Amino acid sequence: MKIQTFLIKYAEIGVKGKNRYKFEDILCKRLRARLKPLGQFEVRREYGRIFVDAHSDYDYDEAVRRMTQTFGITGICPVWTVEDPTPEKLDETVAKYFEEEYDDYDFSFKVRVKRINKEFPVASMEMDARLGGILLDRYEEEGLHVDVHTPDIMVYVEIRKIAFIYSKVLPGPGGLPVGTNGRAISLLSGGIDSPVATWMIAKRGVEMQAVYFHSPPYTSERALEKVQDLGRIVSHYAGPIKLHIVNFTELQLAIYDNCPHDELTIIMKRFMFKVAEELAKREEADCIVTGESIGQVSSQTLFSLGVIDRAVTCPVYRPCIGMDKQEIVDISEKIGTYETSIRPYEDCCTIFVAKHPVTKPTLDQIEKSEEKLVGIIEPIYEKAIDTAEVVWLR
């Protein structure tokens, strides 16, 4: 049977109390937007449940992929439906469902009926036993057996005005629907960490934009393409991402020509943060997001991070801060960014790294070095922001 209806499961949204409907409405809106290119879909909300109904032919695999990559969803259940359900209709349909969905019956099972429609003439527990008995009679000789505590397969039947039958739950990413928790600008590089950080913050319901610092001719167009590819992968979960491409070459050269080379990375990152903060103000974003974790490189010591943060007044969030590299790699593999991240194209920071960078900078020391840029850096800084190119990643 061609699946025409999906039951959408969520977890965290369910504990939002009186505000739950707001989160549900935004999740429904996200689902409508994601499924619209695939055909005619109706996304509807009933108490405690969201349903997606297909009203046209559609690509099943692509629809499932899009739904299972939508934040806020913990599971997608392809369901069989029974109009105007009666006990006899359910007997017949559950048996047919089992026949079509499973080829091998050597497993344990349990039937759980939930009778929301109290006009249905048979009680839930009575229907549990009735439907379970029908399946057992048919397939016991092929190995099917009952386990009421830890069954291999749970067969769910929800009886509303329409009855829904399902036993498979395709896992979703969880979290909160994007658009429920403000907006952020992520510093997106071509590495492993920043796409993971962007994904993690988007998972908390934050609408993401990104900024990439491009340094031609020191970084190639392929490096830029790599970043755009990473942003597109993350957008499968986070929705469309507005990418600001900032030409950083003149800023870097001014810093390189006027500041101590062991402080280059710290000062460059401070100016990156300043640019990101200005873009955040213009885009009405609430914070900056980076992929840094403590101690991974010289600019990510506690001392360095503290000095870099003092360049801005807006909040800076680092969701990877306490992770080791393998933990970050594991997430990048799960979300599909890892293979793109390891393409061998340099980003703008690695080009200008000193042989012996400072690891314990002080704010006074760095600000004193930055005084050498006064009168030089301001017009370059303004130009970098004003000439930033915008690309939408989808």
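User: Where is the place of Ser56, and why is Ser56 called partly exposed?

Analyst: Ser56 lies in the loop between β3 (49–54) and α2 (60–68), where strands (E, at least two residues) and helices (H or I, at least four) are DSSP runs numbered from the N terminus. This is a predicted model, in which local features need pLDDT of at least 70, side-chain atom pairs count only at pLDDT 80 or more, and totals for chains, interfaces and linings use all residues. Residues are numbered from 1 along each chain as its sequence is written, and side-chain values use heavy atoms, with hydrogens and water left out. Buried means under 20% relative accessible area, exposed over 50%, and partly exposed in between (1.4 Å probe, protein chains only); Ser56 has 23%, so it is partly exposed.

User: What does the side chain of Ser56 reach?

Analyst: The side chain of Ser56 reaches the backbone nitrogen of Gln40 at 2.8 Å, and the C-alpha atoms of these two residues, 16 residues apart along the chain, are separated by 5.4 Å.

User: Why is Glu158 called buried?

Analyst: Glu158, in strand β7 (residues 153–159), has a relative accessible area of 2%, and is therefore buried.

User: With which side chains does the side chain of Glu158 make a polar contact?

Analyst: A polar contact is a pair of N or O atoms within 3.5 Å; within protein, one must be able to donate a hydrogen and the other to accept it, and residues adjacent in sequence count only if both atoms are side-chain atoms. The side chain of Glu158 makes such a contact with the side chain of Arg49 at 2.7 Å and with that of Arg160 at 3.3 Å.
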